[in-house]
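Dear colleague,

Please find below the structure that I am handing over to you, followed by an account of what was found in it.

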Amino acid sequence: MNPDEIGLAQQLARGDLNLDQIRADTPGCQSQVFLDSAGSSLPPDPVLNTVIEHLRREAEVGGYRAAAERVDDIAAVKNSLGALIGAEPTSIALSDSATRSWNTFFQSVPIHAGDRILITEVEYAGAAVEVLHRARRAGASVDVIPSDDSGRVDLDALERSLDERVRLVSLVHAPTNSGLINPVREVSELAHSHGALVLLDACQSVGQMSLDVAELRVDALSATGRKWLRGPRGTGFLYVRPDLNIEPAEIDHHGAEWTEPGSYRIADDASRFEFWEYDVAARLGLGAAADYLLALGMHAVEHAVQSRAERTRDLLTLIPGIQVRDPGYGDTASYNQPRSGIVSFTVDGIDSYRVREQLAVRGVTVTVSPSMSTLLDMSARALPSVVRASPHYFCSDDDLDAFAAAVHDVVRS
Ligand SMILES: *Cc1c(COP(=O)(O)O)cnc(C)c1O
């Protein structure tokens, strides 16, 4: 093969993305530099149209008839999400947010006085307060597994902490405030060897990384629609390992059938964790978002996100007064782990909220991750907040250059 052919073969193997088409599908990325897919991304046109068309149909014929017309498409939403994470559709329960999904599983795990719950230093605030609340009510205790030098969960410390009283290990795949990626499978294997369950918060990984629940070996996983999946707001889902025999803490007549005046039968599959009523348009939109991603190919998306995030970090380090806050960045000698699409940084002498405002004025959308969102990690690193830039695959090189120029301008002004 000559070098040109090799290049082409590699491109095809990588399934390179058609950026022109993708950007044409994403009107929101044309008038600004959009770097907040870790917060709430820009849905592509097929998602937007799916939602609007269904709302319009509901207004024409009523919600029940409109849903009946789309039964197959509604059922297919779980097939699409399952395909994204290597799960059977019957192991997926749809909900209105990642937190709802997370709490649904967490509440269903029996936890009694004297039991232990393990979290890590990058635990998300929503789960952390729920863990503290439940532990207080149940008389259980919460222990934090420290991070190692790379920022990842310290597996030796985890092993030392595990005992037969640990019911659940809560692990965040990729935290909300940095480019860290935690070693999931290693945590699952350690936890299981001590009889503990693993609940994975995959909010910041689903939609930007290829992941496979069989390989990760988690017992449950929660994710949201509006972030890297580019789905509508108010959507999320829970995966529960099919052979896990766990009763939902709360049910209604969707998760269970009322069979006799005094008895009921809980559904065999993960629909036991769902309620009857939901936003049908949003759910169809979530399916359209998953289909859009599947059509692009998860590996191509992952490659695109990682290369854009690394390029963003490289551009930031060229600007005086900027500190990139992602684990291991700049430490190429000892850090060889991949990072997520979240780029976190601070600007010397300028508050993060002011940086965000000043970038907005210059047509760049980023967000701020405050200390409270990941209190343990941010306190340990003495950071009151970080600016968060999260470029998705629809961002162009020009976008990233414009972002760097805008940051430079903010620093100078
Ligand atoms: C955003 C986020 C959540 C919460 O997702 P919701 O859909 O808002 O409930 C949980 N964990 C992490 C790491 C997040 O970034």
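**Findings**

Strand 14 (residues 367-370) and strand 15 are paired in the antiparallel sense, with 4 bridges between them. Within this pairing, threonine 367 has arginine 388 of strand 15 as its bridge partner. Please note from the outset that the model is predicted.

Strand 15 also pairs with strand 12, again in the antiparallel sense, over 3 bridges. Here phenylalanine 345 has valine 387 of strand 15 as its bridge partner. How many of the residues of strand 15 are buried? The count is 5 of its 5 residues, and the strand is accordingly described as mostly covered. Both of its faces are covered: Ser385, Val387 and Ala389 are buried on one side, and Val386 and Arg388 are buried on the other.

The loop between helix 14 (375-380) and strand 15 (385-389) contains alanine 382. Is this alanine 382 buried or exposed? Alanine 382 has a relative accessible area of 64%, and because the cut-off for exposed is over 50%, alanine 382 counts as exposed. Its phi is near 50°, a positive value in a residue other than glycine.

With a relative accessible area of 37%, arginine 217 is partly exposed.

**The chain as a whole**

The chain contains 15 helices and 15 strands. Taken along the principal axes, the C-alpha atoms fill a box of roughly 70 × 55 × 50 Å.

Of the 413 residues, 52% count as buried. The chain exposes about 18,400 Å², and carbon and sulfur atoms supply 50% of that area. Among contacts between residues at least 6 apart in sequence, 71% join residues at least 24 apart. As for charge, there are 37 positive and 59 negative side chains, and the centres of the two sets lie 4 Å apart.

**The parallel strands**

Strand 5 (residues 166-172) is mostly covered, with 6 of its 7 residues buried. Which strands run parallel to strand 5? One of them is strand 3 (residues 116-120), joined to strand 5 by 3 bridges. In that pairing, leucine 118 stands opposite valine 169 of strand 5. Another is strand 6 (residues 197-201), which pairs with strand 5 in the parallel sense over 5 bridges. Here valine 172 has aspartate 201 of strand 6 as its bridge partner.

Helix 5 spans residues 71-85, and its buried residues are Ile74, Val77, Lys78, Ser80, Leu81, Gly82, Leu84 and Ile85. Just after this helix, glycine 86 takes a positive phi of about 70°.

Helix 7 (residues 125-138) contains arginine 137. With a relative accessible area of 65%, arginine 137 is exposed. Arginine 137 and histidine 112 are 25 residues apart in sequence, and their C-alpha atoms are 9.3 Å apart in space.

**A buried aspartate**

Where does aspartate 326 lie? Its place is in the loop between strand 11 (322-324) and strand 12 (343-347). Aspartate 326 has a relative accessibility of 3%, and because buried means under 20%, aspartate 326 counts as buried. Leaving aside residues up to four places away in sequence, aspartate 326 touches Ser178, Gly179, Arg313, Arg339, Ile342, Val343 and Ser344. Of these, Val343 and Ser344 fall within the range given for strand 12 (343-347).

With kind regards

Methods. Residues are numbered from 1 along each chain as its sequence is written. This is a predicted model: local features need pLDDT of at least 70, side-chain atom pairs count only at pLDDT 80 or more; totals for chains, interfaces and linings use all residues. Side-chain values use heavy atoms; hydrogens and water are left out. Helices (H or I, at least four residues) and strands (E, at least two) are DSSP runs, numbered from the N terminus. Buried means under 20% relative accessible area, exposed over 50%, partly exposed in between (1.4 Å probe, protein chains only). Contact means heavy atoms within 4.5 Å. Accessible areas come from the Shrake-Rupley method with a 1.4 Å probe; for residues, only the protein chains shown count as cover. Lys and Arg count as positive and Asp and Glu as negative; His and the chain ends are not counted. The place of a charge is taken as NZ of Lys, CZ of Arg, CG of Asp or CD of Glu. Two strands pair if DSSP finds at least two bridges between them.
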